[in-house]
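Trainee: Can we go through the ring contacts in this one? I'd like to know what stands behind each label.

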Amino acid sequence: RDAFLNCVETYSTNGREQALEECITGLYHYALSDPFPEVWLEKCKTDYGIHTVEELEQSSFAGLAKEFGTLTVAGCREQIQAALALCNRPDGPYMYGEALEQDLELLERLSGCNSLAEWHAALGGIAFKTLSAKKDTSVNQGLREQAKELRNQYKASLQDLRDKYFAKEPEQVVEQCELCSPAVSELLDLTLKFKTAMDAGKRERGILDFSDMEHLSLELLVERKVTENGSVEIHPSKTAEDYRDFYEEIMIDEYQDSNLVQEYLLSSIAKEDNRFMVGDVKQSIYRFRLARPELFMEKYEQYSLTDSTEQRIDLHKNFRSRSQVLDSANFIFRQIMGTDLGGISYDKAAALYPGAVFPEGNKESFLPAEVLLVEKDSEELEDLMEGKDARELEALAISHRIKEIVGKELVLDKETKEY
């Protein structure tokens, strides 16, 4: 009873017991993306079982926090360099150069951080020099504002990094883990009880949802064994082996959006040489549904380009879009995509190339790709924004552009091949 009341007080923010319910249902749905939900929930209890700074440094949280810190610093460095490039232009705000150079030195100190304590101290000790207020009519005011905005952006990024990941000293984090651990364990126990009750309720009513079909199939096809040394082994069941003989080929589309449950299911009934997977990690859009694009990337990196049972065939040509669209997409992806963002280096091997041939006859001014930018906080759109979120505003901008085009521009009739 005491553990339950402690959990309620901890997670019912501002007296909202609904907040606790949302935590339980959120954990429940997240756990269902794992092949063994109950095992995953039990394992989560150990995340807060940290009693020393050394244990904290070895935790997955510390690794992710430091990795994110390194990426943030790299992004801030690029923004500073962009601001310095503006300062070095003939009509640029040269008077900001000294402060920006000092900002670069601050980032170098952050780059040398290894431990959580070092990150905490370095971020807490940042003091930015005030930008020069010197007036000079030869300086372009627009460039001055751009440089100032870039600086505001990376300052905000560093502040956000500190507040989210390195606000407290490691000793305080360990203390908080110990304080929170009982409430977290109770929350996980409540989630396990919720799952048991939910399963029983669905069976009583004769209901199966998609997740049930996945996990019940998994119970039939996969055997999970814990060895004497504590390691876990996954083996196909006798039923799965029978299905291996039954299926000649297993073909999987949109493989980049598979999760671990689906991977175990399909692996259990596949032979070494009869599974065909099609996917594109650049199109992975279901992380919010707990897809695991890293499953795709593991095979992308390991499979051979030569003839073998584990062979990768790269399909570079796109048969849907014009070269103008593909060139624009390639240009944008080259700037923003890498192994750290998107899981793949956007080089020539990853680029898209036109495979379709379109008849001539359309005017060249209509063919180039467009980028529609919507500034959601702009005064011009204040009336349109009322009661709408950013996505609705984007949809509105697209619909307006479509209305401008319809009936005024030529489009290709796929059957007659004429405009």
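Trainee: What makes Arg 224 count as lying over the face of Phe 36?

Mentor: A charge sits over a ring if NZ of Lys or CZ of Arg is within 6 Å of the ring centre and within 35 degrees of the ring normal. Arg 224 is at 5.4 Å from the ring centre of Phe 36, so the distance passes the 6 Å limit. Likewise, the charged end of Arg 312 sits over the ring of Tyr 300, 4.0 Å from its centre. Mind you, this is a predicted model, where local features need pLDDT of at least 70 and side-chain atom pairs 80 or more, while totals for chains, interfaces and linings use all residues. Numbering runs from 1 along each chain as its sequence is written, and side-chain values use heavy atoms, leaving out hydrogens and water.

Trainee: Why is the pair of Tyr 165 and Phe 166 called tilted?

Mentor: Rings of Phe, Tyr and Trp (its six-membered ring) pair if their centres lie within 6.5 Å; planes under 30 degrees apart are stacked, over 60 edge-to-face, the rest tilted. Here the centres are 6.4 Å apart and the planes at 55 degrees, so the pair is tilted.

Trainee: How do you know whether Phe 166 is buried or exposed?

Mentor: Buried means under 20% relative accessible area, exposed over 50%, partly exposed in between (1.4 Å probe, protein chains only). Phe 166 has 2%, so it is buried. Tyr 165, with 29%, is therefore partly exposed.
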